[in-house]
Amino acid sequence: MDWTHRLRLRNLQMLLTLAQTGNMSQSATLLNTTQPGLSKWLKDLEDDIGLPLFERQARGLRPTSYGEALIEHARRIEAQLDTARDDLDAMREGGSGLVAIGTSGASSADTVPLAVLLLLQRMPRVQARVVENTMDRLMNQLAHSEIDIVVGRSAPELQDRNVRAEALYLEPLHFVARTRHPVFSLAKVDWPDMQRYRWVVWPRGTPIRNALEAALAEAGYPLPNDTVESNSTILNLTLLNNSDMIGLASHRTASRLQALGALRIVPLRLAGFGGVSMYWRDDGANRAAVTEALECLRSAATRSTGDLVEGVEGEG
């Protein structure tokens, strides 16, 4: 008999608890069971599978490569069950289901909020969750079924093989600063002018940081040593508004913040363009709220295209 037929949801929780604690006694306490019973269950499971899932060490249990693979599947199943519960809870309350969207700084000020507003117009009873983070963390959450859609800087190197991708648009990057920054009093802004100030930059390895470093390399300038590294749009905005720091933002984000009077775009062109894409899993797109959210994201991206072209032409 296939060993998967004998697995129960309780067994998945046992496996995940063992992985989390690495300790049989502590896991048994958390699971409200006995240590001998838990130990026997694990041995029986390993016998059924025919592979060792944990290494028994002096300091506790450590997952083998086989154990890591099974634990990964268990985490995805748990996340999908959590989503199913929340989705049905939303529908029980008369809603249209749940959709969870992850956004990076590249899309959090424009495309994603516009898409959410459009989604609420089309499905007034939908429950929408939006979380902002860096692309590497968001893509990991998507791979684990913790969120349904990710929107942000195009990052094919972070894409899981089970995830689909669709490019939404290309846009330039801008330096930004507070509206009364001394740099705006200059007749012409050049690279040495920018180097006089501390920069706020996104973490190393993020797509927007990679785009910045590529633009700097083309201009022949290194990244300044005197920087503050942050992955928070709100924190960056506060730093920039209360100091003479220089920041970086995608065109739509920068344009939106400039229109609100929060920041101004520094008139110094950065080479290259950054792409913004959305990512999702096929199994998640079977839900009506997720399918509609994808359509709303496409519409929001198209709706902003005219503003983008006009802004780029006005920079020259």
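## Aromatic cluster

Phe-175 is buried in this predicted model, because its relative accessible area is 1%, under the 20% cut-off. Trp-191 is also buried, at 8%. The rings of Trp-191 and Tyr-221 are stacked, because their planes are at 20 degrees with the centres 5.5 Å apart. This pair spans 30 residues of the chain, from Trp-191 in helix α7 to Tyr-221 in the loop between α8 (207–219) and β9 (227–229). Tyr-221 is partly exposed, with 30% relative accessible area.

The aromatic pairs number three. Phe-175 and Trp-191 make an edge-to-face pair, 5.8 Å centre to centre with 85 degrees between the planes. Here strand β7 (residues 173–177) supplies Phe-175 and helix α7 (residues 191–195) supplies Trp-191, 16 residues apart. One aromatic cluster holds Phe-175, Trp-191, Trp-199 and Tyr-221.

## Charges over rings

Arg-252 places its charged end over the ring of Tyr-169, 3.3 Å from the ring centre. Arg-264 lies over the face of Phe-184, with 4.0 Å to the ring centre.

## Strand β12

Strand β12 (residues 274–281) is largely enclosed by the rest of the structure, because eight of its eight residues are buried. Gly-274, Val-276, Met-278 and Trp-280 point one way, and Gly-275, Ser-277, Tyr-279 and Arg-281 the other way.

Strand β5 (residues 149–153) runs antiparallel to β12 and is joined to it by five bridges; Ile-149 stands opposite Trp-280. Strand β6 (residues 163–171) pairs with β12 over eight bridges, also antiparallel, and Ala-165 has Tyr-279 as its bridge partner.

## Surface patch

A nonpolar surface patch consists of Leu-9, Ile-77 and Leu-81, with about 260 Å² of accessible area together. Leu-81 belongs to helix α4 (residues 65–92) and is partly exposed at 40% relative accessibility.

Methods: Residues are numbered from 1 along each chain as its sequence is written. This is a predicted model: local features need pLDDT of at least 70, side-chain atom pairs count only at pLDDT 80 or more; totals for chains, interfaces and linings use all residues. Side-chain values use heavy atoms; hydrogens and water are left out. Patches are made of residues with over 30% relative accessible area and no salt bridge: like charges are joined within 9 Å, nonpolar side chains (Val, Leu, Ile, Met, Phe, Trp, Tyr) within 5 Å. Accessible areas come from the Shrake-Rupley method with a 1.4 Å probe; for residues, only the protein chains shown count as cover. A salt bridge is a side-chain nitrogen of Lys or Arg within 4 Å of a carboxyl oxygen of Asp or Glu. Helices (H or I, at least four residues) and strands (E, at least two) are DSSP runs, numbered from the N terminus. Buried means under 20% relative accessible area, exposed over 50%, partly exposed in between (1.4 Å probe, protein chains only). Two strands pair if DSSP finds at least two bridges between them. Rings of Phe, Tyr and Trp (its six-membered ring) pair if their centres lie within 6.5 Å; planes under 30 degrees apart count as stacked, over 60 as edge-to-face and the rest as tilted. A charge sits over a ring if NZ of Lys or CZ of Arg is within 6 Å of the ring centre and within 35 degrees of the ring normal.
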